[in-house]
Amino acid sequence: MSENNDTINNQEEEYEKICYICRRPESKAGKMIAMPGNVYVCQDCLQKTFDTINNSGMNYDDMMKMSGMPNMGMFGNMNYQDIDIPENQKIKKKKKVKKPEEKLDLRNIPAPHEIKHMLDEYVVGQDYAKKVMSVAVYNHYKRVAAGDQADVEIEKSNMLMIGPTGSGKTYLVKTLARLLQVPLAIADATSLTEAGYIGDDIESVVSKLLAAADNDVERAEHGIIFIDEIDKIAKKKETRSRDVSGESVQQGMLKLLEGSDVEVPVGATSKNAMVPQVTVSTKNILFICGGAFPELDEIIKERLNQQSSIGFAADLKDKYDEDPNLLQQVTLEDLRNFGMIPEFLGRLPIIFSLENLTKDMLVKIMKEPRNAILKQYEKLLELDEVKLEFADDALEAIAQKAMEKKTGARALRSILEDYMLDIMYEIPKDNNIGTVVITGDYIKKTGAPVIQMRGMEIPALTQQNG
Ligand SMILES: Nc1ncnc2c1ncn2[C@@H]1O[C@H](COP(=O)(O)OP(=O)(O)OP(=O)(O)O)[C@@H](O)[C@H]1O
Ligand SMILES: [Mg+2]
């Protein structure tokens with residue numbers, strides 16, 4: 001008898017419950033109501049049934065006969081075989097992969113130089129940014145670990161990160177959170193609005209973090225929230241209407257940044273009566289805001305030009321026009337002029353900028369990081385036992401093309417993808433191909449890649465694209 005029960009239990013765990021009426025599985029229809037005899041009915045169907053009964057004035061027993069339900073009035077003598085869901089209609093439950101428990105050990109936070117070292121493996125260049133972030137994160141978690149014991153209250157080290165598009169802002173934060181094994185929520189400032197308006201409430205960023213921490217409040221409270229596109233919530237210059245997505249959002253964020261207890265919905269981004277809520281304290285959550293701040297360089301330039309146009313120090317007006325890293329000279333005043341309110345900036349004590357990516361950096365990005373794009377392609381072809389090589393001038397040509405697109409490192413992938421398509425298509429056709437060398441000429445469309453057959457050293461030109 002007990003063996004029998006076990007097998008039933010096992011089946012229940014492995015297979016999804018299916019609604020007896022509409023035949024939808026539990027994963028689609030929601031929680032099932034169990035009836036005697038292994039029959040399940042979804043809440044929708046049950047509700048519909050009751051509604052129909054109530055509205056029709058019909059007799060309950062008649063109703064059951066009509067909907068094809070087994071006679072519920074006589075649970076006692078039900079025939080189990082009749083009502084079982086047929087074997088071929090059963091749906092196997094998706095296996096839940098249990099993630100290994102990963103957690104930052106607050107007493108053993110890696111030292112700043114170790115954090116930077118780890119970042120170096122993934123992020124090319126941006127040395128200054130990596131250094132600032134490593135120190136800030138280290139201090140932040142030290143502060144968290146010290147908790148209330150510290151007699152001097154250490155302030156939060158929220159950060160504001162400024163950098164051109166595609167220079168690695170989001171990538172840096174993602175890498176950092178992964179290396180530290182803390183939950184990370186990435187929110188977009190453009191989708192946020194003041195509470196009560198269309199768009200996500202500001203607190204939704206915290207519920208995202210809670211979701212990233214698998215609803216573990218304690219873990220979420222040590223997490224990182226990255227708010228991207230922060231420049232898009234600058235104060236609008238001239239508006240008559242209420243600025244619900246700009247200045248108001250900055251104001252709404254003040255409390256979060258500083259640390260407060262917020263009620264957040266669990267498993268949803270907006271509050272309503274149907275979702276449970278928990279209180280999350282943002283006191284120990286690290287906020288990193290990032291944005292490209294277009295036209296901030298104009299503001300900086302204007303200030304620098306003003307400074308240098310008086311007296312002996314007077315400079316040529318276009319002195320700063322060619323400076324690629326103007327953003328690094330940003331001051332609070334510039335950001336205020338851009339439209340960030342002083343209270344907001346005051347809560348982001350660490351302000352730093354990223355460099356513009358140079359051609360050399362782009363080449364390095366292609367080949368050096370742990371998961372560099374070239375390594376990925378090499379691996380793909382290696383599975384076909386083909387060796388893929390890139391000539392130096394090819395990489396340079398690709399980097400040059402990427403520079404022209406002005407979208408930072410993002411352009412690299414799409415450019416490479418373009419050239420690799422033909423290679424990926426042609427190579428598997430011929431089993432004898434041993435090595436493919438992507439040449440600069442192929443990238444410049446003046447030649448073909450060099451293809452070597454297995455065991456032979458004569459290059460044969462087979463590609464005819466151009
Ligand atoms: N310094 C870098 N080192 C290695 N890879 C980089 C670097 N910068 C960018 N990348 C690559 O480029 C991609 C895009 O970068 P990322 O998403 O961080 O840009 P972003 O600075 O956030 O730009 P945006 O302002 O448009 O959001 C990353 O996924 C990463 O693969
Ligand atoms: Mg980004």
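Domain bounds come from an automatic or database domain assignment. The structure is a predicted model, in which local features need pLDDT of at least 70, side-chain atom pairs count only at pLDDT 80 or more, and totals for chains, interfaces and linings use all residues. Residues are numbered from 1 along each chain as its sequence is written, while chains are lettered from A and ligands numbered from 1 in the order in which they are written.

**View 1. The shell around ligand 1.** The shell draws at least three residues from each of domain 2 (106-353) and domain 3 (359-460). Ligand 1 is surrounded by 19 residues, the closest being Gly168, Lys169, Thr170, Tyr171 and Ala409; a residue is near a molecule if its C-beta atom, placed from the backbone, lies within 6 Å of it. Seven residues of this shell are nonpolar, nine polar and three charged (nonpolar: Ala, Val, Leu, Ile, Met, Phe, Trp, Tyr, Cys and Pro; charged: Asp, Glu, Lys and Arg; polar: the others, Gly among them). The element giving the most to the shell is α8, with three residues (helices, H or I, of at least four residues and strands, E, of at least two are DSSP runs, numbered from the N terminus).

**View 2. Helix α7 and its packing partners.** Helix α7 (residues 127-146) comprises 20 residues and reaches 28 Å from its first C-alpha to its last, close to the 28 Å expected at 1.5 Å a residue; the expected span is 1.5 Å times one less than the number of residues. Its buried residues include Ala129, Val132, Met133, Ala136, Val137 and Tyr141 (buried: 20 or more other C-beta atoms within 10 Å of the residue's own; exposed: 12 or fewer; partly exposed: in between; C-beta atoms are placed from the backbone). The buried residues of α7 pack against α6 (112-120), β3 (159-162), α8 (169-180), β8 (286-291) and β9 (350-353). Gly147, with a positive phi near 60°, follows the helix.

**View 3. The surroundings of Leu354.** Leu354 lies in the loop between β9 and α15 (359-367). Leu354 is buried because 25 other C-beta atoms lie within 10 Å. Leaving aside residues up to four places away in sequence, Leu354 touches Gln126, Ala129, Met161, Gly163, Ser167, Gly168 and Lys169 (contact: C-beta atoms, placed from the backbone, within 7 Å). Leu354 and Asp127 are 227 residues apart in sequence and 8.7 Å apart in space, C-alpha to C-alpha.

**View 4. Asp214 in its loop.** Asp214, in the loop between α9 (204-212) and α10 (217-220), has a positive phi near 55°. Asp214 is exposed, with 10 other C-beta atoms within 10 Å.

How values were computed. Two residues are in contact if their C-beta atoms, placed from the backbone, lie within 7 Å.
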